[in-house]
Amino acid sequence: MPRYIAIFATNKHSMNKKNGTTNHRVPDFSSTPRIDKVGVEERVSRFQKRSIKSSAKLQGLHMILNMIDLTTLEGKDTPGKVRQMCFKARHLHDVHAGLPNVAAVCVYPSMVGVAKKEVEGSGVKVASVSTAFPSGQAPLEVKLMDTKYAVDQGADEIDMVISRGKFLSGEYNFVFDEIAAIKEACGKARLKVILETGELVTLDNVRRASDIAMYAGADFIKTSTGKIQPAATMQVTYTMLEAIKDFMDETGIKVGMKPAGGISNSKLALHNLVMVKEVLGEEWLNNEWFRFGASSLANDVLMQIMKAETGHYQSTDYFSID
Amino acid sequence: MERLEVLKTYKIYIGGKFPRTESGRYYTPLNSNGKQIGNICLSSRKDVRNAVVAARKAFGGWSERAAFNRGQILYRIAEMLEGRKSQFVDELVFQGATKKNAEKEVLMAIDRLIYYAGWCDKYTQVLGSVNPVASSHFNFSVHEAMGVVGVVTDIETSLIGLVSLVAPVIAGGNTCVVLANEKMPLCAITFAEVLSTSDVPGGVINILTGAQKEMLTPLANHMDVNGIVYSGTDAAVVKELEESAALNMKRIRVYDKNWMDIEAQDLYQIADVQEVKTTWHPIENIGGATSSY
């Protein structure tokens, strides 16, 4: 018998995806696969040696732009700042025709209403962090209210944080139940579960947290809040992609991936795409299943595209800041 | 047992570090006696890009540094150069200069650094102005650093020419990317070693060796370069610079000076790589007599 059986897990054979959790047997999370760190590093280093040039590069760069969750998560955010970012989401670099929009804008719950109004009709989604982001140190009722507020304001996606303290103390059922409860509160909004891998210390923990999140009903798993270093290293993302693959094999359910934090240049983003393609396959290479959480990546990608188009190296002076 | 000589690997200087060119290529220039000067990095356009990125990153810190402190650092470069005089003399002789001229050139280079070190905290006072205006404003103009400046040397005096171009650029708070003289790169590399031991923050001066023809275009049409200073008389180079500069309105400054002449140093070479900022500051009255102050 599995040692840790979450409360929601015990009676979820009768549940379906709509209610929050999957109707598959939940494994014993204390015995999730161990990760071979040296092996991961070796595999990851190979993704970084691919040479992606000319037209393939340009196609990759366009794809990256379309996968970005343009993010502002600061205490000093104002409606004005959010409006400006939403404008950028729809007008990345108007001097060059044919550029896609970003996938979504990611803001705090208090800014969802503002953002929703700004991106209306553009296809750009509004994602909101919730559950007492970034620490997650609040009681479940508060987290549920936080989530419901964001959903009521019109958020299409919810980025929740897990309780890392509880996770590290081995209270996996607590973490599982919390995710399942938030998933239920999300309604139609897609749920991204932030593991905050920088606080999970080991790749074994990253794998375990990924499994918990997916079995508890996550639509996406996401590496980090962006507030803690290290964030989305390729090692961590690779471990999570493998977890998604195993989950897919086990249950037949697709889960999306969002590395966030630390991916600030095009080259690294391209390496991530290579990794996604080789681990999960082409089905994941669109913004329905793969996202980049970043604030400065967009401009670097735009500069690379303009370099490819004009032949001149670019300057940040000619690109909008937000 | 006969000792095997340890030959030096000459490398480029980007962001305070000494990497090899990312292209992995090298070339072997000869001195006037037909002897190999060394295996020198043949930098690529990507090295130019990396150098500009490093220079841009260093610009904020360098331009906001206290002017007096910039002067101290320029003085420090001169101190370090003084300590390595004989190495520079040897290199100049090896590259084809006479011993006498080589010694004169090194001393001149040291003195030139001291000259511009002195100007660091004074040029704004001398160049700046308070302007008469017909409204109730206190109107004044000050010089500010341009940004990232390219330095292209195309002259036979490889040390003094380099120092004479770089010193006024950095004295004024700019950072720079230097394309070293293609035929005589030794002094530029050794000068980089001087810089790395003399308190100059990494990225303020970046030095690349290689074929000018290959590096000039990516530098001249780089949108993040604000100006280029060129010492030489090659009309084709000047044309290339002026044409590419039109992209982002770079300032192009061309010098045809005998750098060994003491008159070749002047304040206006600092002004050449500055932008003028004019401020209109509202006041109550213009005239002194009716002023409420």
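How many bridges join strand β4 of chain B to β10(B)? I looked this up first. I found 9 bridges between β4 (residues 137-145) and β10(B), and the two strands run antiparallel.

**Ground rules.** I am working with a predicted model, where local features need pLDDT of at least 70, side-chain atom pairs count only at pLDDT 80 or more, and totals for chains, interfaces and linings use all residues. Residues are numbered from 1 along each chain as its sequence is written, while chains are lettered from A and ligands numbered from 1 in the order in which they are written.

**The sheet in chain B.** I noted an open sheet of 3 strands in the order β3-β4-β10, with antiparallel pairing. Its edge strands are β3 (129-131) and β10 (274-282), each pairing on one side only. The twist from one strand to the next averages 25 degrees. I checked two terms here. Strands are DSSP runs (E, at least two residues) and helices are too (H or I, at least four), numbered from the N terminus. Two strands pair if DSSP finds at least two bridges between them. I then picked one residue, His143(B), and found Val276(B) of β10(B) opposite.

**Two helices in chain B.** Next I took α2 (residues 67-83) and α4 (residues 99-119). They pack at an angle of about 170 degrees, with axes 8 Å apart. Axes are lines fitted to C-alpha atoms, for helices over the stretch in contact, and angles run from 0 to 180 degrees between N-to-C directions. So α2(B) is roughly antiparallel to α4(B), a label for angles over 145 degrees. Residues in this contact include Leu74(B) and Ile77(B) of α2(B), and Leu113(B) and Ala117(B) of α4(B). Two residues are in contact if their C-beta atoms, placed from the backbone, lie within 7 Å.

**Between the chains.** The contact takes 5 residues from chain A and 8 from chain B. On the chain A side I found 2 nonpolar, 3 polar and no charged residues.

**Chain A, residue by residue.** Is Val105(A) buried or exposed? It is buried, because 27 other C-beta atoms lie within 10 Å; buried needs 20 or more, exposed 12 or fewer, and partly exposed is in between, with C-beta atoms placed from the backbone. Val105(A) sits in strand β2 (residues 104-107).

Ser54(A) has phi near 40 degrees and lies in helix α3 (residues 54-67). Ser54(A) is exposed, with 8 other C-beta atoms within 10 Å. Thr131(A) has phi near 55 degrees and is in the loop between β3 and α6. Thr131(A) is buried, with 31.

Last, I looked up a cis peptide bond. One joins Phe133(A) and Pro134(A), with omega about 0 degrees.

How values were computed
Ala, Val, Leu, Ile, Met, Phe, Trp, Tyr, Cys and Pro count as nonpolar, Asp, Glu, Lys and Arg as charged, and the others, Gly among them, as polar. Angles under 35 degrees count as roughly parallel, over 145 as roughly antiparallel, 65 to 115 as roughly perpendicular and the rest as oblique.
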